[in-house]
Amino acid sequence: MKRIAAICLSCAVVALAIVGCAKDKQPRQSIKTDFSLLQNADTDVLGEAALKQPGGASYEFFRDQMPPLRYVDAIFHHYPIALSAPGSAVKGRLLSNGSSVNALSRSRSWINETGKPVTFFVGDKRDVFGSNLANLDGPRYADGYVPIVQLKYTADGATYAEETFAPTDPHLAEHGVVLVKLTLVKASGRKYQVRVAKDHDPASTAPVPGVERPENVAAVNQGFDEKVEALVEGPELFSMKENRVTVPDGKVWAATYPRWIINPARGGFIAPLKTGQSAYIAVYTTPVDSSFDFKLTPQSYEQQRDRCRSTWDDLLKKGMLISTPEKVVNDAWRSEMIGNFMLLNGDEMRYSAGNSYAKLYIGEGGDAVRTALLYGHADDAKRMIPPLFKYTRAGLEFHQAAFKLQMLAHYYRLTKDAEFLRSPTMRPMWEKELNVILNGRKTDNGMFPREKYCGDVDTRVFSLNSNANAWRAVRDMARVLADMGESDAAKELDQTQKEYRKIILGTLDKAINRSVNPPFVPIALSGEEQPHQPIWGTTIGSYWNLMIEYVLGSGVFTADSQTASDVLHYVQQNSGLLMGMLRARATPGNFWVSGGRLNDLYGMRYALTLLQRDEADRALVSFYGKLAQGMTRDTFIGCEGSSIAPVDQFGRQMYLPPNSAANSNFLQQLRYMLVQDYDLDDDGREETLRLAFASPRRWLVDGGRIRVDRAPTCFGDVSFVIESALKKGYADAEVTLPDRNPPAKTLLRLRLPDNRAIKSAKAGDVDLKIIDGETIDLSGLSGHVTIKAQVAK
């Protein structure tokens, strides 16, 4: 008997008690949620409730259900924001409450840490910046997406602003420089006095102790309103020389403007401020010599700020551009694409930074590389591929070979870059991985020998995941070699993949447990894996929930098959989801919050399968769940897993952020909501292009506009603009169709609010076929097409 057979959705939707507070201050609301209800329900209580909302799932609905992601299992408690130039090897980080740059956890989970911590205090009571979250506004990015982090904090009646970023100037990026600007926005009303040198230039000589004052210059009293302090951690005795924080060996760890008062006994540097004044500090993640050529001034700060913004804007403009009527969506995709380039280390697409995940992983890293491809950054993706091919991890050889080859084949389908595959660098590497698969199948049953269940579970099984994805890799490479003119090798691989698939599906049919409803599809094909009910209740059940998504993505059984339906329904009906994101057991060693957790990173293929099945409304549950509760608020930083229950009213726990695969999850969902290049006839070659097939209906209210520029597809680049004029009874679209290898079928969907139907559509004088009242058939058209659709009242 199920634990909770039925739940009244009206009771399950969270009650909110809005509290009076300043705009955007913390907390936004007091949340009264029965988290035990969410954790113990068989179905996705909030996801099902979202589907019943007017207009379906939305960011606002999920945002207000629980506190946002905020805390990590580190001494510093608040999630870190990694900051660097694109691909920089040295990365600084800012704690999200603004309290510290380069804070250290000094634990095994947070290895790969660098730099000396610099902590910020404000006011006469030395309140740590951001320590009282009720008085913190932020963090948020400049203009919503540029990684220039902005916060405001009120302490003891005074308000301070903090702005922090990593310069993209290579000279500074080499040392992981982090620039910080601290501004007194509003004073408490108290007045202080400090002794300064009378005739010193205030631009270069801020208030200094009398011991530093030349004896022949009279001292005067100068008033100030409040003060800020930067405390540099370390055993060394720091000194201030020419506005540089220096240790006895001559290395410079920071620079200031103007000259701050030094308290060498505690490593503190103090800047008295009048209202409206700013103090600046440059933190060097790796120290520099005294000869290092950089002078911190307000002017140099602004120059570096402008350059930082231009660097990231220019990078985004090189790829696909998406514009929707929803600002939070626009900010999120740009922030997460930038975030992945900050996690890039040279040519290595790292999983994270500043913790034990700051390294390569094949499945997850491959998803990040493919995301760069899908967003038009093919040249960058190309240089990320060889490091992943060189990487290996014992016990996962078949799994790794499969995803390496799938990634390479996807690169080829989007770029047709046969020269890269033939290159002396790549050919030996992909041939080696292909042989790992082909030789690994030389067994009695034609499948791999036992392999680890997954990277974290050493139990050896006959793996559906490894075999399904290896089959997909073989079929993909057969199509690639055929395109490259290597017909004999292609035919041999094609015959192999057909036989291989038949063996896998035959074995799977015997392994499926049909004693439960929906049937249970195991990862372990040899009969030892029993149904997981609830899925998140055990470690192995939790990992099944992650690995079965890779099987869905392989296409070994098609997205519209009964087996795929069984997998989706099993996940949906056995505690596998919350807000459309995957659930997992809260491992005591990693989470201090009891109860279940979310592991949304691996839910990407669940959402992509829904999109391929044209279950748009349910796919939008995953999309908005991820946007609202699967990344940090206003900084859009993802993680591998997060708690369901909150730590307190201000936030929930997240595990080892940032995370490139978590970013890729959201980015690929958005791409496939708007641009779908699919192989729907299951012959291994894409033939169908579907545009705007899962756009939220609210995006096309009257005046709504959706724009996609230069989206790479397996047919070439596609661009389109859809504009709604419902009050006038029509909607317009401009589509520039791909011309490299045109699709057999091209469809454009106008998902209008209130399920309003299209009466007719024309491209010039040509009448276009309407399917299901909202889909326009563009098959056979080419070039730039202008479409006017008449809408029913």
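Biologist: Which residues lie nearest the centre of the largest cavity, and how many residues line it?

Modeller: In this predicted model, the largest cavity is lined by 14 residues, and G339, M342, I637, P658 and N663 are the ones that lie nearest its centre.

Biologist: What makes this space a cavity rather than a pocket?

Modeller: A cavity is a set of points where a 1.4 Å probe fits but cannot get out, whereas a pocket is an open set. The space has a volume of about 120 Å³ and is the largest cavity, and the count comes to four cavities of 30 Å³ or more.

Biologist: Which element gives the most to the lining of the largest cavity?

Modeller: That element is α7, with four residues; α7 (327-343) and β4 (80-83) each supply at least two residues of this lining.

Biologist: How do you know that the lining of the largest cavity has no charged residues?

Modeller: Asp, Glu, Lys and Arg count as charged, and the residues of this lining divide into eight nonpolar, six polar and no charged.

Biologist: What makes the lining of the second largest cavity, with a volume of about 80 Å³, partly charged?

Modeller: Its residues divide into five nonpolar, one polar and four charged. The lining includes E364, D367, E549 and R605, and these count as charged because Asp, Glu and Arg belong to that class.

Biologist: Which other residues line the second largest cavity, and which elements give two or more residues to its lining?

Modeller: Y550, L601, Y602, M604, A661 and N665 also line the second largest cavity, and the elements that give two or more residues are α8 (362-374), α15 (539-554), α17 (604-612) and α19 (660-674).

Technical notes:
Residues are numbered from 1 along each chain as its sequence is written. This is a predicted model: local features need pLDDT of at least 70, side-chain atom pairs count only at pLDDT 80 or more; totals for chains, interfaces and linings use all residues. Side-chain values use heavy atoms; hydrogens and water are left out. On a 1 Å grid over the protein atoms alone, a cavity is a set of points where a 1.4 Å probe fits but cannot get out, and a pocket is an open set with protein on both sides within 12 Å along at least five of seven lines; lining residues have an atom within 4 Å of a point. Grid points are joined across faces, edges and corners, and a volume is the space filled by probe spheres set on the points.
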